[in-house]
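The briefing below goes with the sequence and the structure shown here. Its points are grouped by topic, and the details can be followed in the structure itself.

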Amino acid sequence: MTWLRRNRWGLILLPVALLVAVAASSSRLVHFWLPYVASDVTTGAVGEKVHLSQEWLDRLGRHQRDVDVTITGVERTDVIRDWDGEDVPGEGPKGTTLWRVSMTLAAEPDQVLRGCVVEIEDTQGRRYQYDSMHVTPAELKLSACLNPDEEGPSFAFTDKDASPSPTTSTDASTSALDTERPRPPRWDTVADIILPSDAVPAKVRIWWDLPTVIDVPLTPTS
Amino acid sequence: MPVGSSGTQAGGPGGDVRALAQGGLRRALAWLRGRPLKQLAAWIGALGLALTAPFGGLDEAARPQLGLVKAEQVVPTGPIDVSITRVSATTRPGQNFSEIEDGYYLLVFGTARSTSSTTLTNSELRDAVRLSGVDGLEKGLMIEDYLPAAEALKAQPMVYAVQDSTLMTSLVPELKYEVAWIWRRQGAGAPSSVDVQVQGFTWRQRVLDDYEGWLDPAPMAHLRLPVTVKPGWVRPATEGAS
Amino acid sequence: MRGRVGEWFAGRGRSLGAGALVLAALAVGRVVTDRLPDAEAVIEAPVERHAAIGEAAHLRVGEVTVREVTGSTEWAGVIEGKRTTGVWLAADIDLLPSRRESGISYAAVRDAGGHVWDLGRGTSTCKGTIAGVPMRCQVVIELPARAIPGAELVLRWTDFDERFDDQAVVPLRLDEATMKGWAASTTPIQVPNATLGAP
C-alpha cells in the first residue's frame, strides 16, 4: 500500500483540522475586535427604508432595538436646527461648510433611541460626526436623530430611573427630564454636520451601538 | 563472657536491664539505618528547624523602626525627596475648596522633589505622606467613608501646589515643589498636634502584570508637629455690597 | 552509611546527569536572553519625523508645525492657570488633521541626558479637531530654569500608547540667556481655546 493510501484519511481531515484550529484561535477577533468596530453593516440607498435590529443591555437586562431609517437627502445648508426645533442661521469655522442630512425614522414609542451617532464620510475617507462643539451659535439640538421635546424614553442609569414615579422627582427640572417626552411612531428630522469646504460627502452612517451600523452611499450632489 | 551479648546472662536484675537496654538500642539503630535516605534527610532537617525555636525561630519578624525626623529635614523615599514643614487646620483652605460644615481640612505643608529623570505622576506623591492616629479622616476625596484612628494610615490625601493652589498632577525632574497634602476630617475640635508619617517605596517588578516601578509604600520616618488652626477662606467683600 | 548513599547515587547517575545538563542549558539560555537587545522595543518604537521650527512634520494624524516658542513663569488658560518656580515653555502649533481622530495630547521636552519633561502640570489645547480644518493651538510644558543643551520638543497624538505610531521632533535652543529671560518674566502666557478655520 502506498503512503498516500495508508494516510488518506489523515490527509482528507488535515484541511478540516487546520480550519478548525484557525477558527478556534480566533476568539480574540470575535470578542475584542469585531464588537467594537462597525462589523455588522447594513447598506441602503438614499430614499430607501433600512431596518436596524439589535440587542442592547442595561441595568434592567436585555432589550431589543428595532428602527426603520430612511436617509432622504444630504445637501449644503446655512441654517442649523436648534434646541427649540427651529431653523436659525448658523455656520462652522472659517473654511468649513454645513451639510444637512435629512432623514425619516420610525420606531415603537417605547424604544430607547437616545445616543445615536450620525456621521458623514467624504470621498477621501475622512469622517465627520454630529457635534455641537464648533457650531455658531452653540445651540444645536442635542440629538442627531431625535427632535427636541420628542426624544422618547431615556436609559435607566440608576435604580431610581428603573421604576420612574412622579413622587421620586424632586423639582421641576428633574421631572421634566424624567417624565417621558413622547415620541411619535414616525418622525422627520435633520442632522447638521460641519465639513471642510473642500470635502465632498460620499456616505452617511448612522448607529446607536457598535457593531450594528447603517451605511448609505450618496450619489454625487451639487 | 562478653558483656552485652544477647539475653541470657547471669548477673542479676541490673545486668538484665542493661543488656535489654543495649539490645534495644542496637535494634533501634538498626531500624534507623534501614530507613530510606530521603526520609532520614527530611527528619534531620525538621529536627534542625525545631531546634531553632528556643533561639527565636518562632518569633514574628521584627518591624523596622520608624526613624524620627525633624521639620524641614529631607527624607529620601525613593522616587521623591520629601520634607515636612508645618501642619495647619482650617474649614476652607482657599477659593478652590468647598467649605466643610462639621469638620475641617488638615494641611501638611512641605516640599517634594522628584529623583527621576522623567516626569513622575502624582500617585507616589499622594502615598508619600500619611497621618497616624487621627480619628475621622476621609478615606479619599469625596469618598464619604470616615476612618477610625486605628485605620488613619489608609486615608489618602490630595496634594496641591502651594504657589498657585492647583492640584499636583505631576512632578517634573529637577524642580522642588512646595506642596500641601490635604485631608478632610469629620468632627469638631482640631487636635493640638499630629503624627505625620513619611512612607518609602521599593523599586521592583510587580508579579501580576510585570509592571516595574515604585511599589509597596510603607512608613519609614515620622515626626510630630503642632497644628495651627487658621480661619477659613472667605470671599472678599466687593464694593457696594450691603 | 556511605555505601547506602553511594548506592542511591549509582542507580540514578544518568538521570541526574541529564537533569544537571537541563539546568545548565536553562541558565545559559537565561543569560543569553538577558544580554541580547530587546527586539520588541526596536519594532514598536515610535517613528520620528524631524522638523525645524516653522517646518511641517508629516504625521499619521496630520501635519504639525511649531510656529513659535515662548516662555514665562506663569500661564493663564480659560479655566485655570498655574505658576512655577522653574519656567513654562509654550509652543504655538499649527495642526492640519488628516483624519477624525487627531490632536496633540502628548508633548514633551527631552534632552540628550535622558531627561523627559512632559505635559504634566502644563496643558495642550490641541484637541477637538475636525479633519481637514486647520487648527491653531498651544502646548505648555514645565521646565527647570536652567540651560537645557540638546533639547527637543516631541509632539504626538496620544500619550496612551506610543507603539507603532509616529511623532514630531523639533530641536529647541534652550540656552542660558533664553531660560534666564523666561524665568525673569512674570507676564502670564495667554492660553486661549484652540481656533479652527482657515486663517
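**A loop residue of chain A, and its setting**

E91(A) counts as partly exposed because it has 17 C-beta neighbours inside 10 Å. This is a predicted model, and the points that follow should be read with that in mind.

**Around E91(A)**
- E91(A) is placed in the loop between β5 (87-89) and β6 (96-106) of chain A.
- Apart from neighbours within four places in sequence, the residues in contact with E91(A) are D78(A), L98(A) and T136(A).
- Although E91(A) and V79(A) are twelve residues apart along the chain, their C-alpha atoms are separated by 7.2 Å.

**Cis peptide bonds in chain A**
- T136(A), which is in contact with E91(A), is joined to P137(A) by a cis peptide bond with omega of about -5 degrees, and P137(A) lies in the loop between β8 and α4 (159-162) of chain A.
- A cis peptide bond also joins L210(A) and P211(A), with omega of about 5 degrees; the loop that holds P211(A) runs between β10 (201-207) and β11 (212-217) of chain A.

- D149(A), a residue other than glycine, has a positive phi near 70 degrees; D149(A) is found in the loop between β8 and α4 of chain A, and it counts as partly exposed because it has 13 C-beta neighbours inside 10 Å.
- S165(B) is not a glycine either, yet its phi is positive at about 55 degrees; the residue sits in the loop between β9 (158-161) and β10 (166-167) of chain B and is partly exposed, with 17 other C-beta atoms within 10 Å.

**The nonpolar core**
- The largest nonpolar core has 118 residues, and those with the most contacts inside it are V101(A) and I141(C); strand β4 (residues 81-97) of chain C gives the most to this core, with seven residues.
- Not counting residues up to four places away in sequence, V101(A) touches I71(A), V74(A), V118(A), I120(A), V190(A), A191(A), I193(A) and V204(A).
- In soluble globular proteins, nonpolar side chains tend to be buried together.

**Chain C as a whole**
- Chain C contains four helices and twelve strands, and its radius of gyration is 27 Å, well over the 16 Å that the globule rule gives for 199 residues, so the chain is more spread out than a compact globule.
- The C-alpha trace of chain C spans about 95 × 40 × 30 Å along its principal axes.
- The domain assignment of chain C gives domain 1 (2-35) and domain 2 (48-196), and the C-alpha centres of these two domains lie 58 Å apart.
- Of the 199 residues of chain C, 35% count as buried; among its contacts between residues at least 6 apart in sequence, 68% join residues at least 24 apart.

**Contacts made by chain C**
- The contact between chains A and C takes 13 residues from chain A and ten residues from chain C; β8 (127-129) and β9 (186-196) of chain A are the elements that give two or more residues to the chain A side, which divides into six nonpolar, three polar and four charged residues.
- The contact between chains B and C takes 13 residues from chain B and 17 residues from chain C, and the chain B side divides into four nonpolar, seven polar and two charged residues.

**Helix α2 of chain B**
- Helix α2 (residues 37-51) of chain B has 15 residues and should span 21 Å at 1.5 Å a residue, which agrees with the 21 Å between its end C-alpha atoms.
- The number of buried residues among the 15 of α2(B) is zero, so the helix lies largely in the open.

Key:
Residues numbered from 1 in each chain as written. Chains lettered and ligands numbered in written order. Predicted model: local features only at pLDDT ≥ 70, side-chain atom pairs only at ≥ 80, totals over all residues. Contact = placed C-beta atoms within 7 Å. Nonpolar A, V, L, I, M, F, W, Y, C, P; charged D, E, K, R; others polar. Expected span 1.5 Å × (residues − 1). Buried ≥ 20, exposed ≤ 12 C-beta atoms within 10 Å, placed from the backbone. Rg over C-alpha atoms; globule rule 2.2 N^0.38 Å. Core = buried A, V, L, I, M, F, W, Y, C linked by C-beta atoms within 7 Å. Domains from an automatic or database assignment.
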